Amino acid sequence: MRSKEPILEVKDLHIYFYTYAGVVKAISGVTFTVYKGEKFCMVGETGCGKTVISRAITNSIPKPGKIVKGEVIYYGLGRPVNILRLSEDELRELRGKEIAYIVQDPSSALDPLYQIGYQISETMYDHGMVGSLKEGILKAVELLKQTLMPDPNKRIKNYPHELSGGQKQRAVISMGISNTPKLLIADEVASNLDVTVQAQLLELLRRLVEKRPHPLLNHP
Ligand SMILES: Nc1ncnc2c1ncn2[C@@H]1O[C@H](COP(=O)(O)OP(=O)(O)OP(=O)(O)O)[C@@H](O)[C@H]1O
Ligand SMILES: [Mg+2]
């Protein structure tokens with residue numbers, strides 16, 4: 001049963017890109033509410049603004065983009081907070097811990113220079129979820145197991161380029177869920193993969209979010 005308590009409210013969002021060719025009005029007046037325990041899905045054609053809206057939720061629109069108007073109210077902290085008014089320090093606390101964003105392109109989320117076990121561990125260590133990186137790596141094995149990664153004990157020692165697309169996606173999902181965020185934003189996590197892997201990953205996410213409340217799912 002869906003609770004009527006909101007976890008996120010996006011109000012009258014306007015996002016413009018200030019390019020040399022002129023102003024691109026990517027988003028003009030988007031409003032929606034996500035309730036606790038709800039799976040919320042954004043569907044639309046390419047370029048309609050799904051990624052830009054997802055990024056606005058953690059106030060991380062890349063330049064030359066700018067949120068020119070609107071509010072993003074987050075309710076997970078026990079009081080309503082407008083994310084667009086938070087300082088960089090406050091945002092760092094929020095991102096990854098309260099709200100996790102699994103990006104559309106897994107390669108851009110992984111650092112090519114570090115083993116994936118280390119990268120997952122570091123995400124948890126940065127937010128004080130584990131006492132040491134070593135402890136984090138043990139947890140990373142468990143998280144990878146949950147995402148049905150084959151041979152997680154071996155995979156944690158792999159660098160991103162040693163993983164297949166589906167395996168990279170599993171690593172990024174592990175990172176996204178590692179801090180048990182209250183809101184999970186998954187931006188087309190499976191669109192570049194073959195249909196069998198797509199089905200597996202979506203099923204996996206569905207199972208994972210059932211255990212963890214307040215997910216937000218962008219369309220598959
Ligand atoms: N760096 C940029 N410079 C200029 N315009 C941009 C930039 N990034 C995004 N946009 C504009 O924002 C719009 C929305 O882009 P967005 O990436 O959110 O689309 P999307 O719905 O996620 O598409 P897809 O399904 O292909 O991922 C685009 O149509 C484009 O006009
Ligand atoms: Mg997109």
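Guide: Leaving aside residues up to four places away in sequence, Ala 56 touches Leu 13, Ile 15, Ile 61, Ile 67 and Val 72. Keep in mind that this is a predicted model. Ala 56 sits in helix α1. Is Ala 56 buried or exposed? We call a residue buried if 20 or more other C-beta atoms lie within 10 Å of its own. Ala 56 has 24 of them within 10 Å, so it counts as buried. Now hop over to Val 30: it is 26 residues from Ala 56 in sequence, yet the C-alpha atoms of the two are 11 Å apart in space.

Now for the sheet beside that helix. Four strands make an open sheet in the order β2-β1-β4-β5, with antiparallel pairing. At the edges you'll find β2 and β5 (81-82), each pairing on one side only. Helix α1 packs on this sheet, where it touches β1, β2 and β4, and its direction makes about 120° with that of β1.

Let's follow β1 to its partners. With β2 it pairs in the antiparallel sense over 11 bridges. A hairpin of two residues links β1 to β2. If you want a spot to look at, find His 14, which stands opposite Ser 28 in β2. β1 also runs antiparallel to β4 (residues 65-74), and eight bridges join these two. Here, Lys 11 stands opposite Glu 71 in β4.

The ligand brings some of these elements together again. Which elements each supply at least two residues of the shell around ligand 1? They are β1 (6-19), β2 (22-35) and α1 (50-57). The helix we started from, α1, gives the most, with three residues. In total, 14 residues surround ligand 1, and the closest are Ala 26, Thr 46, Gly 47, Thr 51 and Val 52. Sorted by class, that shell has five nonpolar, eight polar and one charged residues.

The axes of α5 (residues 133-146) and α7 (residues 165-177) come within 9 Å and cross at roughly 115°. The crossing of α5 past α7 is right-handed. At this contact, Ala 140, Leu 143 and Leu 144 from α5 meet Arg 170, Ser 174 and Ile 177 from α7. Those contact residues divide into four nonpolar, one polar and one charged. If you wonder about the spacing of such numbers, an α-helix has 3.6 residues a turn, so residues three or four places apart point the same way.

To go back to where we began, Ala 56 is part of α1, and α1 both packs on the sheet and contributes three residues to the shell around ligand 1.

Methods
Residues numbered from 1 in each chain as written. Chains lettered and ligands numbered in written order. Predicted model: local features only at pLDDT ≥ 70, side-chain atom pairs only at ≥ 80, totals over all residues. Near = placed C-beta within 6 Å. Nonpolar A, V, L, I, M, F, W, Y, C, P; charged D, E, K, R; others polar. Axes fitted to C-alpha atoms, helices over the stretch in contact; angles between N-to-C directions. Left-handed = near helix turned anticlockwise from the far one by under 90°. Contact = placed C-beta atoms within 7 Å. Pairing = 2+ DSSP bridges. Buried ≥ 20, exposed ≤ 12 C-beta atoms within 10 Å, placed from the backbone.
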